[in-house]
Amino acid sequence: MNEATSTVDQVANGVPGLAVEANHLCVRYGPVTVLDDISFALAPGSVLGLVGRNGAGKTTLLRALLGLLPPATGVARLMGCDSRQLTDEVRVRLGYVAQSPELYNWLKVREQLALFGQLYPSWSERHTQELSARLDLPEDMRVGKLSPGERQRLAIVLAMQHRPDLLIFDEPVASLDPIGRRDFLRLLFEHETLSQSSATTIISSHLLEDLERVVTHLLFLDAGRVQLFGTRDELAEHMREVITPVLPASQPGLLRSKRDAEDGTWRLVVDERSFDVKALPPTAMRRSLGLSDLFVALNG
Amino acid sequence: MFRLELQPSSATPLYRQIVEQVTRAVAAGALHDGDDLPSVRAVAQDYVINPMTVSKAYSLLETQGLLERRRGMGMRVRVPATSGGTDRLALLQPALDHAARVSRQLGISADDALAAFQRTLASSAPGGDGQETPHE
């Protein structure tokens, strides 16, 4: 096969072997563009943290990836399959926790789990019981009587019980206490998949201290656009905050600049791989950033 | 027992924290040749971090020759006896050269100088025998 045909194939059918792929994805609500030219790709086994301020488009992006919202232009693919036409084969390998999951309040927890679980050929009641026990879920309680935290844990078990290879969580831990959040993270690492290899996971969350424990990749979304995408480690090693009295000329690697209203200094976020530090005055200070600091530096 | 002190919120990536702490523990003698390190899974569950991060750190340490992967049984510390020993002695040599020069200049006998060095070694050992002291 020559290179030209493989490129044509990749545009038409996606890059083989990728778990998740967005290619110039745009979503519009009427005249409003809510996702603007989103492109990124994840290899199987990656754990992506999707972060951004409220209204940045995180939920919309997750829904577009899952094919629940049609793109205006561009394409999303899950396990090589166009999100607009997911095959049953791909669907059984997906697990999704929506921000406000729809649950049947009149059922008992175990009934709700079995009702949904039995739709999947791979489902086993025993595995579901193990998951419920690990998340401390009261199996005999009516769903309508559950606390918000318990409803969230039920939604997590619903998404994981059929051993999907791709897990998508929209704010999965917002109502969980710190213990519940740790239980959830540990469960993620032990998650058994149908394919026996590590699941690919996407988690949108504001709880950055949880994300930094688990993610391999981060995507910062800002007003419907990708502000920053990369592996957790490369972002930690190459992103720096710079405080400088003078704003350098616009150049590659200068991701953001903001003037401090009080002392008039400039606060920059730079990617040291492409930013030319010689453009900075000698009085400029540089510091490395943890995830929370990076989030604030990019969005504050 | 060797314990990692991991800070997920630090700007230093977790895998680097693991590599640095194991390397330092080996250099400091807190980890010895043949010691077992907990498995990838155990570290991941203990510290609630991604197993891939632990795996990446262990692989790097393996490449550096400090760890040896044991089939299904976690990792074992390998201290390259010769190179590790000479490296550290080589680091000590300049201080010894200096001390030897000063003792000669002051006319101190070799026996007195050795005895003084032994007393110095004894008084500077914190726990007496290099055992790790428990701390919060």
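**Domains, cysteines and a sheet**

Modeller: Chain B splits into domain 1 (14-83) and domain 2 (88-128), with bounds from an automatic or database domain assignment. This is a predicted model, where local features need pLDDT of at least 70, side-chain atom pairs count only at pLDDT 80 or more, and totals for chains, interfaces and linings use all residues. Residues are numbered from 1 along each chain as its sequence is written, chains are lettered from A in the order in which they are written, and side-chain values use heavy atoms, leaving out hydrogens and water.

Colleague: How far apart are the C-alpha centres of domain 1 and domain 2 of chain B?
Modeller: Those centres lie 34 Å apart.

Colleague: Is Cys26(A) buried or exposed?
Modeller: Cys26(A) counts as buried because its relative accessibility is 8%. Buried means under 20% relative accessible area, exposed over 50%, partly exposed in between (1.4 Å probe, protein chains only).

Colleague: And Cys81(A), buried or exposed?
Modeller: Cys81(A) is buried too, at 12%.

Colleague: What is the strand order in the open sheet of chain A?
Modeller: The six strands go 6-7-8-3-9-10, with mixed pairing. Strands are DSSP runs of E, at least two residues, numbered from the N terminus, and two strands pair if DSSP finds at least two bridges between them.

Colleague: Which are the edge strands?
Modeller: Strand 6 (94-97) and strand 10 (225-231) of chain A, each pairing on one side only.

Colleague: How do strand 7 and strand 8 of chain A run, parallel or antiparallel?
Modeller: Parallel, joined by five bridges. Phe169(A) stands opposite Ile203(A) in strand 8 of chain A.

Definitions and conventions. Helices (H or I, at least four residues) and strands (E, at least two) are DSSP runs, numbered from the N terminus.
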